[in-house]
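Morning, everyone. Let me put the model on the screen, and then we'll walk through it.

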Amino acid sequence: MMSQQTAEANKIMLMHLETEQTANLPYPVECNVWVVEPNSSLLKRGLVNSVSFNPLTKEMIYDIVEGDSAVGAFPESRLAYGPGCSVSASIDEKTVVSGTVLQYDPRGERPKYAIMSSTGDGTTHTFYEGIDARRVKYRRTSLEVLVTKESTDSKSSEVSTKETNQGGRRGSTVSISTPTANSRAVSHGGVRHHGQALNFNVYLPSWLFDPLGSDDLFVYLNCPRSNSPNILSSIGERNGCELETRAGIEGPAGHFGHAHVFIRSLRKDASKDDLMRAKAELEDALVDFMRRDNARGLLFYDIARYNGMLHQNFRGEFLVVQQRTPSFRGFGAFGRNSFMTIMPLTSGCKVGRLLSPKLLSEVRRIGCRVQFVGQQFRAVSQWSDDHACIVGSRPKDVNQAAMMIADALTD
């Protein structure tokens, strides 16, 4: 066993890499990752916060965080691409596709990924499963490159602007129990066709579930009401589909992966819009479950972030997602085609600067709105830590507004 003195010496000798220096690494800064437990099927979600080089072992050491909490420091061999991460994959010797990660299975001698790939116009999506992990690589998105280029002319920020999943009731450990069969299915607009039935999964944020494993949310959605069916049945009846809660993706021996709601059309002539209306009603039901808590913006953001096959995701200094507008005062003008991001805030941040008329006017000038959540803003949440929910009509405007807020905190 390594002595404490040796461990400290190795820690001191680590060479820290600047963010720009990690761009060509397999897991650059802000990359979504899974941390793989040795000799186990347990995974922990996280985000690359920084990277260092250990000259003794010749290894890259990745500092992983989840929201505001540290997960730990791990070598490259312990990491895998996380859900929603942009990747390219070699399907065969002649075919390379770009897409986003949906699932990762660490079991066996050759771990495997499932990814969703889309056409340039976003109208057709293809689901690939059982891809050898050695054939999958990180891919920078075009907007990521564009925003990074534009940001070189703007004031840099010292505030951490990591994609976050902050919140006080979050569990981040997933137990995988069974593999899926290799298959390929073509879908349109993120909706898969199995026979004649359109269907898709809506993956849910883990913080909606009690960390001790309580199934209160699923009970809420499935429990019959007086003189009426349960919430999911009511949504299904109104939209010609059925909704089913699942603890994960179904495999030969059970379920594994993220908790989600499976939505399947009951009509042969159904369209994607029919199922998306059901999804919108499901989101409203989740807001009611939270008792319209001020974290509903975070809820909408995380749903879009977890379901990249249904929502466009744009990565700049902040991760911006396309999602309908949360029901905050003054946000109604953006409607279904809004873009949003979440910026974590510390409890001791400079409230006066964030609420200054000048800053809020500048944010409105570029077509955005911001809702600050936290006790210090008189908008308490029982579900999340302090954060800012920023909404606009264009992803680059939302990213710019977030940078304005970051600058206000560092001036």
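Ground rules. This is a predicted model: local features need pLDDT of at least 70, side-chain atom pairs count only at pLDDT 80 or more, and totals for chains, interfaces and linings use all residues. Residues are numbered from 1 along each chain as its sequence is written, and side-chain values use heavy atoms, with hydrogens and water left out.

Confidence. pLDDT is the predictor's confidence in each residue, from 0 to 100. The protein chain averages 75, and 73% of the residues score at least 70. Residues 1-12 are below 50, and beyond near neighbours in sequence that stretch has four contacts in the model. Contact means heavy atoms within 4.5 Å. Residues 142-191 are also below 50, yet that stretch has 169 such contacts beyond near neighbours in sequence. Where pLDDT is low, the predicted coordinates should not be read in detail.

Now the sheet. Helices (H or I, at least four residues) and strands (E, at least two) are DSSP runs, numbered from the N terminus. Two strands pair if DSSP finds at least two bridges between them. Here, five strands make an open, antiparallel sheet, ordered β20-β21-β22-β24-β23. β20 (313-315) and β23 (368-373) are the edges; each has a single partner strand, so one side of each lacks a neighbour in the sheet. Ignoring direction, neighbouring strands are turned by 20 degrees against each other on average. Look at β22 (339-344) and β24 (387-392): they pair antiparallel over six bridges. M343 has A388 in β24 as its bridge partner. Helix α6 (296-306) packs on this sheet, touching β20, β21, β22 and β24, and its direction makes about 110 degrees with that of β22.

Next, the helix pair. The axes of α8 (357-365) and α9 (395-410) come within 10 Å and cross at roughly 165 degrees. Axes are lines fitted to C-alpha atoms, for helices over the stretch in contact, with angles from 0 to 180 degrees between N-to-C directions. That makes α8 roughly antiparallel to α9, the label for angles over 145 degrees. From α8, L359, E362, V363 and R365 meet A401, M404, I405 and A408 of α9. Six of the contact residues are nonpolar, none polar and two charged.

Last stop: where is R78? In the loop between β5 (69-75) and β6 (79-81). R78 and V36 are 42 residues apart in sequence, but 5.2 Å apart in space, C-alpha to C-alpha. Leaving aside neighbours within four places in sequence, R78 contacts W34, V35, V36, E37 and P38.

Technical notes: Angles under 35 degrees count as roughly parallel, over 145 as roughly antiparallel, 65 to 115 as roughly perpendicular and the rest as oblique. Ala, Val, Leu, Ile, Met, Phe, Trp, Tyr, Cys and Pro count as nonpolar, Asp, Glu, Lys and Arg as charged, and the others, Gly among them, as polar.
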